[in-house]
Amino acid sequence: SEKRNPTQIIGTVKTYQKIYDMLKSENFNGTILDASSGFGVGTELGKSEYGYDVDDIEPFPDKSYNPKFTDYSTLNKKYDVIISNAVLNVLPQDLRDALVIKMGQMLKDGGKLYVNVRGNDVKSNKSNIAIDESNLEYFVSSTGSYQKGFTKIELNSYLEDALGSDFEVDSSNDFGAVAAVVTKRNDGIKYSLLETDQDRENAKLKKKIEKLKEQFKKTPAGK
């Protein structure tokens, strides 16, 4: 599409820097998707300054920007890391839900999704027209865009509900005022988390019985 989404803001680059610095400190060497990459500034930063393997997808690219992908429905790759930077706050809930589910599907087992959204600061825009002020939802008349602010608790709960039990959601202060890191559990972690306290006690008891049996076999008769 030649239509530029007015919510694509270059100023989000600082958040990208913080995420890339976090990955660098962990000696990360995997694949990254910049999801709804705006002008592609964060994608280029990851490639040129950090040397990362970063794909970008932007459904509404600027005429001067040529992202690798423009259609989520045809993107079937899986990634070690996905970055969603100031994207979910500009999408109405139906589109937001669809994107979160799609990003979950594109994560590899053990992969991480870094989500940064706007918070109470959405209220400060002078051209806001309230849609649901109690829910921090606004129409921004100067840009013709939708904005939704989140609290930290709300963002965590939303991501947990949208993605389900195969994902772990942790709030983060490391790259945004309202941010979270979502980890896709691999099979081993998933099954261990399903184990109850009673299961663990039963396993301990079984081991104890086996040990007693071995001791009994080694004991001379009549002793």
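Predicted model: local features only at pLDDT ≥ 70, side-chain atom pairs only at ≥ 80, totals over all residues.
Colleague: Let's start with strand β5. Which strand does β5 join, and by how many bridges?

Modeller: β5 covers residues 128-132, and four bridges join it to β6, residues 137-140. The two strands run antiparallel.

Colleague: What sits between β5 and β6?

Modeller: Four residues, in a hairpin. L136 in that turn has a positive phi of about 55 degrees.

Colleague: Which residues stand opposite F139?

Modeller: I129 stands opposite F139 on the β5 side. In β7, Y146 stands opposite F139.

Colleague: Is F139 buried or partly exposed?

Modeller: Partly exposed, because its relative accessibility is 35%. F139 also makes a nonpolar surface patch with I129 and I131, of about 270 Å².

Colleague: New topic. Where is E58?

Modeller: In the loop between β2 (53-57) and β3 (79-85). E58 is buried, with a relative accessible area of 4%.

Colleague: Which backbone nitrogens lie by the E58 side chain?

Modeller: The backbone nitrogen of F60 lies 2.9 Å from a polar atom of that side chain. For the backbone nitrogen of S37, the distance is 3.2 Å.

Colleague: Now salt bridges. How many are there?

Modeller: The count comes to five salt bridges. One of them pairs D55 with K68, at 3.2 Å from N to O. That pair links distant parts of the chain, 13 residues apart. D55 is in strand β2, and K68 is in the loop between β2 and β3.

Colleague: Why does D55 count as buried?

Modeller: Because its relative accessibility is 4%, and the cut-off for buried is under 20%.

Colleague: What does E154 pair with?

Modeller: E154 forms a salt bridge with K148, the closest N and O atoms being 2.7 Å apart. K148 counts as buried, at 2% relative accessibility. E154 counts as partly exposed, at 24%.

Colleague: Which residues are joined into a network by shared partners?

Modeller: D55, K68 and K77. Salt bridges that share partners join them into one network.

Colleague: One more. What about D121?

Modeller: D121 forms a salt bridge with R118, with the closest N and O atoms 2.8 Å apart. D121 is partly exposed, at 38% relative accessible area. R118 is partly exposed as well, at 26%.

Conventions
Residues numbered from 1 in each chain as written. Heavy atoms only, no water. Pairing = 2+ DSSP bridges. Buried < 20%, exposed > 50% of the residue type's maximum accessible area, 1.4 Å probe, protein only. Polar contact = N/O pair within 3.5 Å; in protein donor to acceptor, adjacent residues only side chain to side chain. Patch = residues over 30% accessible without salt bridge, like charges linked within 9 Å, V, L, I, M, F, W, Y side chains within 5 Å. Areas by Shrake-Rupley, 256 points an atom, 1.4 Å probe, with all protein chains shown as cover. Salt bridge = Lys/Arg side-chain N within 4 Å of Asp/Glu carboxyl O.
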